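Hi,

Here is the structure I promised to pass on. Have a look at it first, and then read my notes below.

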Amino acid sequence: MILALLLILAEKKILNYGTCCIDINEGEKKLQVTGGGSLLSSLAENEIFIPSACGGRGTCAYCKVQVMEGGSMISPVEEPYLGPEERKNQIRLSCQVKVRKDIKIHVPKELLSVKKYRGKLLHKRPLTYDIIELRIELLEPNTIDFVAGQYVQLESEEYDGHDRVMRAYSMSSPPSDKNHIELMIRKVPSGICTTWVFEHLKEEQEVTFSGPYGKFRISNTDAEIIFIAGGSGMAPIWGMLRDLKENGNTRKATYFFGALTQKDLFFVDELTKLQQEVSWFRFVPALSKEPEGSDWKGERGLITEVVARYMPDCSKNEGYLCGSPGMIDACIKVLTEAGMTEDRIFYDKFA
Ligand SMILES: Cc1cc2nc3c(=O)[nH]c(=O)nc-3n(C[C@H](O)[C@H](O)[C@H](O)COP(=O)(O)OP(=O)(O)OC[C@H]3O[C@@H](n4cnc5c(N)ncnc54)[C@H](O)[C@@H]3O)c2cc1C
Ligand code: FES
């Protein structure tokens with residue numbers, strides 16, 4: 001860690017690359033930056049925010065951009081994340097590309113409208129023993145435009161020797177609530193950002209985040225929807241459901257909520273109420289480790305088994321999944337075995 005820091009400082013101080021130009025989308029924007037930094041951080045310093053779920057560690061592969069000219073060689077860190085098609089298209093991990101000379105890049109247009117926000121934490125409410133809901137009022141800018149399913153990157157503050165980090169969190173609030181965002185965050189043991197959120201972040205405190213990011217959203221078709229999400233994976237699904245209701249949806253949708261035991265369930269009352277209020281929605285909570293003989297009257301078993309039981313033929317459905325990579329991969333397998341084509345399966349992996 002200390003060695004890495006020294007190397008970065010040495011590179012900045014000793015190797016002077018002077019001022020370099022980052023040309024974005026053939027002259028749509030031209031930035032003058034001090035050479036030596038990563039492409040990801042040089043862009044962020046100029047208010048251009050590329051998604052970076054791992055905060056630049058080179059492990060999330062979210063920070064891909066197309067480097068047309070001036071990129072260094074592909075580094076060993078990038079190797080596992082770049083497929084043949086991406087290499088052909090000069091896609092790179094922007095956190096691993098150093099700006100050492102003038103560089104030309106292409107970024108999707110929507111990323112140029114991502115903004116940095118300052119907000120005030122209105123509440124931090126426990127949903128279960130390890131999941132909390134944050135409701136944040138936007139201060140500057142005081143409104144946000146996004147599509148249900150998108151996420152923000154929350155910035156932690158320094159604590160106990162940890163630097164500030166940025167982590168991705170899906171918005172669970174509907175896009176109509178433009179002055180606020182809501183997040184559902186699960187505590188990860190020894191996780192830098194979630195430990196800060198659970199143990200250091202206080203109500204009324206100012207928070208910083210950027211967004212909106214992501215392509216996870218409901219497509220514009222009539223296909224019956226299958227939502228599958230457990231734990232904090234519910235966040236974007238809850239945002240989508242509220243948005244669908246507000247917009248007078250009639251498209252049929254079933255939400256399979258997988259949890260271990262009753263203490264991992266939350267929002268059951270809200271989802272049951274939604275099921276009573278609108279005819280298009282069905283809610284199926286299922287527990288995989290609930291003790292035999294308990295008072296649980298709902299479904300039991302792994303969520304994949306429950307989905308397979310309820311949906312033997314998925315050839316006309318669309319799937320929207322959110323949660324850990326393992327859970328998503330298992331669900332994709334079940335859905336495709338039941339006839340759903342992969343182009344009809346949409347997801348955000350919380351990795
Ligand atoms: C698009 C997207 C949306 C997301 N939305 C949500 C959401 O709505 N709610 C939610 O709860 N989460 C969400 N996540 C996950 C979230 O972004 C974080 O990954 C999660 O909260 C953990 O962050 P952390 O800083 O607490 O943990 P980290 O410090 O990143 O650690 C995560 C785990 O990795 C281990 N680890 C840390 N550093 C290393 C290392 N160098 N090498 C090996 N292992 C290491 C830690 O021990 C820990 O087990 C989302 C992720 C993505 C990509
Ligand atoms: S920011 Fe995660 S791989 Fe680059």
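Let me start with a charged residue. Glutamate 79 comes out as partly exposed, because its relative accessibility is 36%. Its partner is arginine 87: the two side chains meet in a salt bridge, 3.0 Å from N to O. Arginine 87 is also partly exposed, at 33% relative accessibility. Bear in mind throughout that this is a predicted model.

A search of the whole structure turns up 22 salt bridges. One of them joins arginine 118 to glutamate 206, with an N to O distance of 2.9 Å. That pair links distant parts of the chain, with arginine 118 in strand β6 (residues 115-126) and glutamate 206 in strand β11, 88 residues apart. Arginine 118 has 34% relative accessibility and counts as partly exposed; glutamate 206, at 40%, is partly exposed too.

Then there is glutamate 299 with arginine 309, a salt bridge at 2.7 Å, N to O. Here glutamate 299 sits in strand β15 (residues 299-300) and arginine 309 in helix α7 (residues 303-310), ten residues apart. Glutamate 299 has a relative accessible area of 21%, so with the buried cut-off at under 20% it falls into the partly exposed class. Arginine 309 is partly exposed as well, at 48%. If you like networks, look at Arg135, Asp177, Glu182 and Arg242, which are linked by salt bridges.

Now for the rings. The count comes to 15 aromatic pairs. One of these is phenylalanine 216 with tyrosine 320, a tilted pair at 6.3 Å centre to centre and 50° between the planes.

Another pair is tyrosine 255 with phenylalanine 257, stacked at 5.9 Å centre to centre with 15° between the planes. Tyrosine 255 is buried, at 0% relative accessible area, and phenylalanine 257 is buried with 0%.

How many residues of β16 are buried? Seven of its seven are. Both faces are covered, with Asn317, Gly319, Leu321 and Gly323 on one side and Glu318, Tyr320 and Cys322 on the other.

What does β16 pair with? It runs parallel to β12, joined by six bridges, and cysteine 322 in β16 is the bridge partner of alanine 229. It also runs parallel to strand β17 (residues 345-349), through five bridges; there, glycine 319 stands opposite isoleucine 345. Between β16 and β17 the chain passes through helix α8 (residues 325-337), and this β-α-β crossover is right-handed.

Cheers

How values were computed: Residues numbered from 1 in each chain as written. Chains lettered and ligands numbered in written order. Predicted model: local features only at pLDDT ≥ 70, side-chain atom pairs only at ≥ 80, totals over all residues. Heavy atoms only, no water. Phe/Tyr/Trp six-rings, centres within 6.5 Å; stacked < 30°, edge-to-face > 60°. Buried < 20%, exposed > 50% of the residue type's maximum accessible area, 1.4 Å probe, protein only. Helix = DSSP H or I, 4+ residues; strand = E, 2+ residues; numbered from the N terminus. Pairing = 2+ DSSP bridges. Right-handed = clockwise from strand over helix to strand, strands pointing away. Salt bridge = Lys/Arg side-chain N within 4 Å of Asp/Glu carboxyl O.
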